[in-house]
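Work through the two exercises below with the model open. Try each task before reading its solution.

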Amino acid sequence: MVKTLLAACALVALALGVAPVAWAAPEPPPLSEQTEECLGCHESDTPGIVADWKASRHARMTPQAALALPERERRMSVADVPAPLRTVAVGCFECHGQRAEAHADSYEHNEFRIHTVVSPNDCRTCHPVEAEQYAGSKKAYAVGNLEQNPVYSTLVETVTKGVRGKHGPPPPAALDVNRSRSCFGCHGTRVEMRGLKTVVSAGGDEVQVPVLTRWPNQGVGRINPDGSRGACTACHPRHSFSIEVARSPHTCAQCHMEPDVPAWNVYAESKHGNIFQARGNGWDWSAVPWVVGRDFTAPTCAACHNSLLTTEDGTVVAERTHDFGARLWVRIFGLIYSHPQPERGNTWILRNADGQPLPTTFGGKPAAEGLLSPAGQQERRATMKRVCQACHGTSWAEGHLAQLDETLLETDAAVAAATRLMQQAWARKLADPANPFDEPLERIWVQHWLFNANSVRYAAAMGGPSYAAFEHGWWELSGNLAELHEAVEGR
Amino acid sequence: MVKTLLAACALVALALGVAPVAWAAPEPPPLSEQTEECLGCHESDTPGIVADWKASRHARMTPQAALALPERERRMSVADVPAPLRTVAVGCFECHGQRAEAHADSYEHNEFRIHTVVSPNDCRTCHPVEAEQYAGSKKAYAVGNLEQNPVYSTLVETVTKGVRGKHGPPPPAALDVNRSRSCFGCHGTRVEMRGLKTVVSAGGDEVQVPVLTRWPNQGVGRINPDGSRGACTACHPRHSFSIEVARSPHTCAQCHMEPDVPAWNVYAESKHGNIFQARGNGWDWSAVPWVVGRDFTAPTCAACHNSLLTTEDGTVVAERTHDFGARLWVRIFGLIYSHPQPERGNTWILRNADGQPLPTTFGGKPAAEGLLSPAGQQERRATMKRVCQACHGTSWAEGHLAQLDETLLETDAAVAAATRLMQQAWARKLADPANPFDEPLERIWVQHWLFNANSVRYAAAMGGPSYAAFEHGWWELSGNLAELHEAVEGR
Amino acid sequence: MVKTLLAACALVALALGVAPVAWAAPEPPPLSEQTEECLGCHESDTPGIVADWKASRHARMTPQAALALPERERRMSVADVPAPLRTVAVGCFECHGQRAEAHADSYEHNEFRIHTVVSPNDCRTCHPVEAEQYAGSKKAYAVGNLEQNPVYSTLVETVTKGVRGKHGPPPPAALDVNRSRSCFGCHGTRVEMRGLKTVVSAGGDEVQVPVLTRWPNQGVGRINPDGSRGACTACHPRHSFSIEVARSPHTCAQCHMEPDVPAWNVYAESKHGNIFQARGNGWDWSAVPWVVGRDFTAPTCAACHNSLLTTEDGTVVAERTHDFGARLWVRIFGLIYSHPQPERGNTWILRNADGQPLPTTFGGKPAAEGLLSPAGQQERRATMKRVCQACHGTSWAEGHLAQLDETLLETDAAVAAATRLMQQAWARKLADPANPFDEPLERIWVQHWLFNANSVRYAAAMGGPSYAAFEHGWWELSGNLAELHEAVEGR
């Protein structure tokens, strides 16, 4: 009877969609001596960090125990870890004390050599496949993709140049902050070590800490003091490093939001987002693999773009990837037209037929090299279609993709029409093409491709009809064309 | 003692707001032979669909068991169902195999005759009252209300006409997609059967499937291959058909969002939406009837507009309706002024005093026929006031409604002022009235009534002060008038 | 064994983050005779109100029991309460029957003298510290801060003046509603008693109720019929008065939203908001004190701005305050520049060097009196920094604040540049400064400081890079300057 009761309790828990934390050892695993010492102060100095970590998988399971799981259930991709790490919790020192020699921001702190900025190359010790996939992706090159592309960096400079009027231009430090807190807030900053300074810690002690430029930042392409690119905490934030947060659409939404990348807004409007918002609290956000229909009943960003998905019987629907473009064949974030996805993450190396560092010409012709071939596109499209078909019949999936194809043609045509008008405006000196982004007329053209064509494309890709119609979509596209037409041709 | 414990467990579950699924039989009910066979392949071919359905009420209760419930707790409105359906789960074949002769998209699939597009007339077998109420509503006529009204169809065409510049106009298929993925994404598309094609299914087999135009689509007024109008899955999505999702404001939000119909945005800002967002996860979203104060503590869209609401002692606050305008007396989605709700869902039959297919003249005079009489308005207003009064005193409810009345007068006056300026602009040839929606000046006028006056009205109806002030409301109304004034009168 | 099981059940409950309601007495406490009689009718007349209250702490605990809690866990700040209130639930009459003589809206209702509008001075009986803190805050003066400041009241009038065209100006009642349902919807209305009227109650009886102007309203600075200022229900809504709702960011979001005060929007985009949205449903929203890292893992508005925060061992991170500006040193809601927080809540008494009732001159110089001194600013900044440091190292917190400082300088410079251009426009009669808010050019200038500079500042304060870049931030600031420049200087 008592067994029955225990089972009943377990059933209640399961029915509630909150499985007992099966992976947590009955007692937390041992800590390394160093981590023990860190906690001695930090438990009272930065209690939020410690509490967050204590509830994490890192604190509650050793690498050894994690490696003992069946392969598909593992969150670690390494075959084994160095002995000292194997049997202790992944604590403060295990991350902040790694690879001291590689970190320009390494410094002496209470007799330990630690660094502030934990990087993808630190995480790589246990998660090499994820680090490698990520390192080749557009996200990992998000800083260079702005800074090393003269077209995009002109746009950044135009938008964030600030003003000082008669007192002259803003000092470089000001521009740095303008950019670090806007464009590079998402793309990532260059974090550089500039020596040490003495501060008063939360605990009241004088301590020496690194002087870091453009810090804090958690942008996806952050250039770290160890030379690596990326910030795993962009999606696995702070000290819980949780897969639940990484799978939440709200995480992606931080950067992928309107008006330029309205992925979140369109998703929230879509039927998928609708079901997520209505029922997502009952889903199992931590299961690995993530079982379609059992753990979740409508896709999130992660489901379509990166998670390991299986059916209940273990058949793989899609393999895990940390290159978030790996299931995408076409780049709908048009620059300025939709185009085949780039083959590599460092897009500044692309050259269009006019010699510009852009994936297409202003007329819409894709670059001859560096973009996916039709066969490469087809393969990725098939991967995504398999994801659709986990929940949709063939006819539905094909109809959806055909509508997307047609929408890309139409929005590209709308961008071409606006670009032709803009070129007339430049030719007639109604605007100065020296900087193509800074005058009122040019801004209409920028909004046309950067905000409005994108909105219609995202809306077609994920099913957000209001976005395609009146909220940043066709209503605006038609309006921009009317404005440009009136400016160039008169009424 | 053990009994006590079981009771304790149950109490814990209840305290958590997650009642054991009382309606689910201990074992799932039997399946029809046909459904059994469908599942044979589809459990692996489209696992998400099957898992979604398996967790649904349709899979876990026979119609017979559902009909045995007390009347107020029933979700079925039919008195009885045909014998073959009565004692099996409502599975794949029970919906996709119904009324084959009525469905133009009926086709042979592994020796069964099935159709892809399940329609309100299929659902009608068990839910006739809901189907009937819906069939007369504005939602059911959402396609014709755009297509058969030359004023609105001009607006649709103007916005989504696309561009092809020197290559000539876009092909009809492109226009079809532009509209299917924007306006008709919410309103619904005309889904037509165009024969069969061979595709490779998710399971790898070659199968024949229908060629359906403008599919997929889940718009509220979809014209189905069986001639019926509507898509029950617009609100009861995919294969769970859940009342929980239908009651979620996020479901209505898909189409009722800014800038033209900012119902969701205003609700989210309102005190009702505030409480929903803060506490809704603890509510009982599936209870029938829906008990005010016990099951939910602030109204959602469904609570005010369609659910069967009672008090704890069973007194009816409002009867269920699937005509979502049935508790509304005035139409605040102004076209172009607020006006009495139309008597019937097919609004294209209305004629104003100037002979236009509009509920009011451009001067604001309501059509003589087809709109609710004052007595009819009064009755519906009383129904809604009873809903308010479940949680608010009389003084509060009357004060609220009086403020709404006044706001409608004021926003209508603001629309009249802009329309007079626009008429001057047309008279002076500052714009061409041949198409009243396509020039920059005209677009300000459209935004005035379609976005901004609507925002203020919705904000008054549901209590969203920021929407009424700076977010799309009075700030914009005042600004539009200033712009139109400057264009017509000069500075 | 059975004990173990009970413990297991409890653990399950705790693991689920849903502690049994420890503070609720096994049976609800006794009711006063008067409240008993109120409930006699209102349980059926306004069932939602009664159900909401019944689930509240007010209904489930007597003041006496509440006072017996350890001091830090108390939600009451009074030392003791009058005997008649001490041992009964805080029911209908305990609030609506208090201080009849003070209430102009007091009236006879079934032999009781009650009032409709419960005010902060009623709540003060048990919550004097909260009422006192609130009474001195900007929120409590939110009506006067608009009405008694001629600059701001001109803006209010310009935006909400409505139109009646040839029929003359709108009647005062209409203006009253325009303002009550927009600006004063958040700021609060003047609720005045204008006698009694007879209405038919929900129960069908004729009853006399007060005629109240501009009611209903729950604005934060509402002027109540007893002369007090504020509405506790703005944040502790309706009859549950719950701390959970008050702590929800959705509550603050009602008024603190885009475009003028985009606090919610920026928070939602921030990493803090991301974690809240992904994991907030598992937090303990009702714990007092609110323990960092245990009860919540990312801050909400309340955590940073008003809640009593402690660590697990009881160390206080921040004391509770109901002056929501008490932890703020700088006012980033620029009017029109950022400036030191005002010392008192009634900001209409401020005078800048030009004699205007503004915290700074149009050139950006702060008022000589009434704003926080550098030392006062420093103290508050230290308070907030301690909150940051509960979860962030010193280096992080200082880096963040330094970036905020720099951003304030930059946005103020951007406002100064636009203001200089606007002043040129006024000087050249391109616009008429008699009303500086009503012409198209002036509206660009208003949006510059009221919407766009604010967006960048909030984004810097809370970490919302998309807001700072393209969504209402630098993109718009640059564009406004381009437009103003073109208008004043030509191309």
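Predicted model: local features only at pLDDT ≥ 70, side-chain atom pairs only at ≥ 80, totals over all residues.

**Exercise 1. A helix in chain B**

Task: Find which residues of helix 9 of chain B are buried, why they lie on the same side, and what they pack against.

Solution: 
- Locate helix 9 of chain B at residues 128-135.
- Pick out its buried residues, those under 20% relative accessible area. They are B:Glu130, B:Ala131, B:Tyr134 and B:Ala135.
- Check their directions around the axis. The arc spans only 130 degrees, so these residues sit on the same side of helix 9 of chain B.
- Recall the helix geometry. An α-helix has 3.6 residues a turn, so residues three or four places apart point the same way.
- Look for the packing partner. The buried residues of helix 9 pack against helix 8 (120-123) of chain B.

**Exercise 2. The interface of chain A and chain B**

Task: Describe the contact between chain A and chain B, its polar pairs, and what chain A supplies.

Solution: 
- Start with the contact count. 60 residues of chain A touch 74 residues of chain B.
- Take the area next. The two chains bury about 5,500 Å² between them, with 62% of it on carbon and sulfur atoms.
- Search for salt bridges. The rule finds one across the interface. A:Glu398 and B:Lys197 form a salt bridge through their side chains, at 3.6 Å, N to O.
- Assign the chain A side to helices. Those supplying at least two residues each include helix 1 (2-15), helix 17 (271-279) and helix 21 (440-462). Helix 20 of chain A gives the most, with 15 residues.
- Sort that side by class: 27 nonpolar, 20 polar and 13 charged residues.

Key. Residues numbered from 1 in each chain as written. Chains lettered and ligands numbered in written order. Heavy atoms only, no water. Buried < 20%, exposed > 50% of the residue type's maximum accessible area, 1.4 Å probe, protein only. Helix = DSSP H or I, 4+ residues; strand = E, 2+ residues; numbered from the N terminus. Arc of directions from axis to C-beta. Contact = heavy atoms within 4.5 Å. Buried area = accessible area lost by both parts, 1.4 Å probe. Salt bridge = Lys/Arg side-chain N within 4 Å of Asp/Glu carboxyl O. Polar contact = N/O pair within 3.5 Å; in protein donor to acceptor, adjacent residues only side chain to side chain. Nonpolar A, V, L, I, M, F, W, Y, C, P; charged D, E, K, R; others polar.
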